[in-house]
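Subject: The model I promised you

Hi there,

Here is the structure we talked about, ready for you to open in your viewer. Have a look at it first, and then read my notes below.

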Amino acid sequence: MMSTAHTSHSSHSALTGAVRRIPPPDGRREPLKINIYERMTGAATQLQPLFPYHDAGAMVPCGAVFTGGPDKGEFGQFFHWNSVEELAVVFGANGALLQTGQIFATQRLHGVNSFLRDPRDPEAFGMMTITQRQSDDQPQREAIIFRCEKCHDQLLRFEYNATAKGVQGYEPGSWGGDPDNDEYPVFNTTGGAVEAAARFSQESVRTCGKCGHVNDEFPVTTWGWRRYVEQTVTANRARAALSAVIEEIAETEVVGA
């Protein structure tokens, strides 16, 4: 049965002349290549976008690297809901719940932590990419969820618009910066995580209404999200400042000609 089906499919392809081939770049995005190990040596955040393309239809791989140690403390845990699928690839791990070379697709709602068995173990580490494909023409939404560490009741669900640029419903400048001129927008997942962690920092939010337990603040600094957002906004401002100087010099030369 398997052989017959394969032969029939091959004959059909030969008769129709159909050729399966990846189309060439369409000019919207310059093809880029990076080495994940080299790139993550200078990563500013967990979920570091590896390429500057977040628009409609883009594949958006992001890197994460976790290292254990006696002074690391806890990484915390949250839950992430995404209206589009995510694919994780583990590029190296030791003393972790994940294995080197492991590849898996996440559920739309999934838990997120360091995946280290013992975060205080200096030999424990993990490095991975998490990739999502932006929708071509549909709105996207995401949510960051925090649960009580004692009874697991939901404490906060921060849902937000994560629609990609080029799709109706896109909201530029949601996480700061200049929505009209920024060349490098803040990645929506990270921007939303910063806002969710800020809301969760309030003791009234962290106090469980079911069991009364007061949960610790989420260690947002450890994850680097706020630093990434600030650096992205600053990088765009620096680019705009240089462009302004270039335009000023060009205008001066024209006047003096």
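Let's start in a loop: Thr163 sits between β9 (154–161) and α3 (188–200). Helices (H or I, at least four residues) and strands (E, at least two) are DSSP runs, numbered from the N terminus. Before going on, note that this is a predicted model, where local features need pLDDT of at least 70 and side-chain atom pairs count only at pLDDT 80 or more, while totals for chains, interfaces and linings use all residues. Residues are numbered from 1 along each chain as its sequence is written, and side-chain values use heavy atoms, with hydrogens and water left out.

Is Thr163 buried or exposed? Thr163 counts as buried because its relative accessibility is 3% (buried means under 20% relative accessible area, exposed over 50%, partly exposed in between, with a 1.4 Å probe and protein chains only).

The side chain of Thr163 has a polar contact with the side chain of Asn161, at 2.6 Å. A polar atom of the Thr163 side chain also lies 3.1 Å from the backbone nitrogen of Gln140. (A polar contact is a pair of N or O atoms within 3.5 Å; within protein, one must be able to donate a hydrogen and the other to accept it, and residues adjacent in sequence count only if both atoms are side-chain atoms.) Leaving out residues up to four places away in sequence, Thr163 touches Pro139, Gln140, Gln168, Gly169, Tyr170 and Asn188, where contact means heavy atoms within 4.5 Å.

**Empty spaces**

Rolling a probe the size of a water molecule over the atoms shows where empty space is left. The search uses a 1 Å grid over the protein atoms alone: a cavity is a set of points where a 1.4 Å probe fits but cannot get out, a pocket is an open set with protein on both sides within 12 Å along at least five of seven lines, and lining residues have an atom within 4 Å of a point. Grid points are joined across faces, edges and corners, and a volume is the space filled by probe spheres set on the points.

How many cavities of 30 Å³ or more does the structure hold? There are two. (Ala, Val, Leu, Ile, Met, Phe, Trp, Tyr, Cys and Pro count as nonpolar, Asp, Glu, Lys and Arg as charged, and the others, Gly among them, as polar.)

The largest cavity holds about 50 Å³. Its lining includes Phe66, Val90, Phe115 and Met127, and β4 (86–94) and β7 (125–133) each supply at least two of the lining residues. This lining divides into eight nonpolar, three polar and no charged residues.

The largest pocket has a volume of about 570 Å³. Of the 29 residues that line this pocket, Lys165, Tyr170, Asp182, Glu183 and Pro185 lie nearest its centre. Eleven of the lining residues are nonpolar, eight polar and ten charged.

**The sheet**

Which strands form the open sheet, and in what order? There are five, in the order β1-β2-β7-β4-β5, with antiparallel pairing. β1 and β5 each have a single partner strand, so one side of each is left without a neighbour in the sheet. (Two strands pair if DSSP finds at least two bridges between them.)

Within this sheet, β2 (residues 59–67) and β7 run antiparallel and are joined by nine bridges; here Cys62 stands opposite Ile130. β7 also pairs with β4 over eight bridges, in the antiparallel sense, and Asn94 has Phe125 as its bridge partner in β7. β4 is joined to β5 (residues 103–105) by three bridges, with Leu87 facing its bridge partner Ala105.

**One more loop residue**

Gln46 lies in the loop between α2 (36–39) and β1 (48–49). Gln46 is buried because its relative accessible area is 10%. The side chain of Gln46 reaches the backbone oxygen of Val65 at 2.7 Å. Val65 is also one of the residues that Gln46 touches, among them Phe66, Trp223 and Trp225, when residues up to four places away in sequence are not counted.

Happy exploring!
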